[in-house]
Amino acid sequence: MVLTSAISSDASLFSYIEPILKRLGESEIGWAIAEAFAAEKESVASIESLFDWIADGQPTQDFYALFFHSWKATHLKMLAIYGLSCRLQRLALQHESGFERDCLMLASVRNAETSYEDLGLDYEGLTHAELYDQLVANFLPDDQWVRSRWCLTAAKGFQQWIYKNMVVQPELTGLLTNLFSEIYNHAEYSIAQRSFSLRLERQGETSRTQREKALCYINVHVSDATEEEHFQVVLEAIRLYTKATSNNVDKLQALTLFREYLRQIGSILATIERSGSRMASGREITCAHS
Ligand SMILES: [Fe+2]
Ligand SMILES: [Fe+2]
């Protein structure tokens with residue numbers, strides 16, 4: 001895959017990832033990420049299509065309830081990050097002292113860094129769960145969307161898959177899952193920012209300041225390269241972990257994992273778009289679990 005750096009206003013998901021991979025240089029992980037996006041074209045197209053639909057389609061209140069509950073299940077993985085950091089610490093403590101112990105402790109710290117902003121450490125304790133609620137409040141009048149009926153079974157399944165990968169599967173699988181989720185989120189939040197901003201504009205929100213305020217949850221992930229930095233700290237955690245153990249990144253295993261991630265997200269977002277279209281035409285008034 002050829003890496004270019006230009007990003008247009010209707011940029012694809014991968015166009016936000018290319019520059020980061022370019023900066024990475026020759027890397028097996030970088031290869032696996034690029035290959036996963038190239039191999040999962042259909043899933044990637046479904047993801048991009050849903051965010052286009054949010055801007056250009058006719059989202060109803062039922063659509064927003066389905067989208068926001070299910071989308072939330074594909075993000076906000078603080079518990080899984082904490083679980084993985086605990087596992088790395090426990091592994092470190094199995095070594096009396098020395099190089100391995102230090103590397104694993106530091107790998108745990110680096111992994112945990114991906115949750116600092118979700119916890120609101122530098123934002124007076126304002127968590128991303130609270131910011132998410134504030135985002136939803138711009139599109140829905142009440143909190144009915146939190147009811148479990150609005151979460152697609154597949155989105156719940158994805159959340160459980162992420163948790164198991166990070167707290168049950170080998171630590172390296174957990175780290176690679178966290179790593180991919182960070183770079184994916186960077187790209188997804190970037191296209192979501194554009195799409196929701198257009199949606200608000202079409203709803204009559206003419207003030208740019210107001211739109212930025214409404215989309216604070218999305219903006220904080222895009223500004224200051226937040227998710228890109230998270231990607232870099234997990235990369236360092238992987239370097240430290242592989243130094244301290246006899247495990248190495250297998251690029252084909254990484255590719256399989258990254259493809260599975262994109263396939264699941266693609267399928268979830270495609271289902272949400274189909275439901276959204278049916279809801280807009282009055283053919284579906286409540287969400288069908290699938
Ligand atoms: Fe976050
Ligand atoms: Fe992150």
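The structure is a predicted model, in which local features need pLDDT of at least 70, side-chain atom pairs count only at pLDDT 80 or more, and totals for chains, interfaces and linings use all residues. Residues are numbered from 1 along each chain as its sequence is written, while chains are lettered from A and ligands numbered from 1 in the order in which they are written.

The chain has 14 helices and zero strands; these are DSSP runs numbered from the N terminus, helices being H or I with at least four residues and strands E with at least two. The C-alpha trace spans about 65 × 40 × 35 Å along its principal axes. A compact globule of 290 residues would have a radius of gyration near 19 Å, and the 19 Å of the chain agrees with that. This radius is taken over C-alpha atoms, and the globule rule is 2.2 Å times the number of residues to the power 0.38.

Over residues 1-8 the pLDDT is below 50. Where pLDDT is low, the predicted coordinates should not be read in detail.

Axes are lines fitted to C-alpha atoms, for helices over the stretch in contact, and angles run from 0 to 180 degrees between N-to-C directions.

| Helix pair | Angle | Axis separation |
|---|---|---|
| Helix 3 (residues 41-56) and helix 10 (residues 171-202) | roughly 20 degrees | within 7 Å |
| Helix 6 (residues 99-112) and helix 13 (residues 226-244) | roughly 160 degrees | within 8 Å |
| Helix 4 (residues 61-73) and helix 14 (residues 251-280) | about 170 degrees | 9 Å |

Helix 4 is roughly antiparallel to helix 14. In this pair, Asp62, Phe63, Leu66, Phe67 and Ser70 of helix 4 meet Ile268, Ile272, Ser275, Gly276 and Met279 of helix 14; residues are in contact if their C-beta atoms, placed from the backbone, lie within 7 Å. The contact of helix 4 with helix 14 has six nonpolar, three polar and one charged residues. Here Ala, Val, Leu, Ile, Met, Phe, Trp, Tyr, Cys and Pro count as nonpolar, Asp, Glu, Lys and Arg as charged, and the others, Gly among them, as polar.

Helix 6 and helix 13 are also roughly antiparallel to each other. Their contact divides into ten nonpolar, one polar and four charged residues.

Definitions and conventions
Angles under 35 degrees count as roughly parallel, over 145 as roughly antiparallel, 65 to 115 as roughly perpendicular and the rest as oblique. Two residues are in contact if their C-beta atoms, placed from the backbone, lie within 7 Å. pLDDT is the predictor's confidence in each residue, from 0 to 100.
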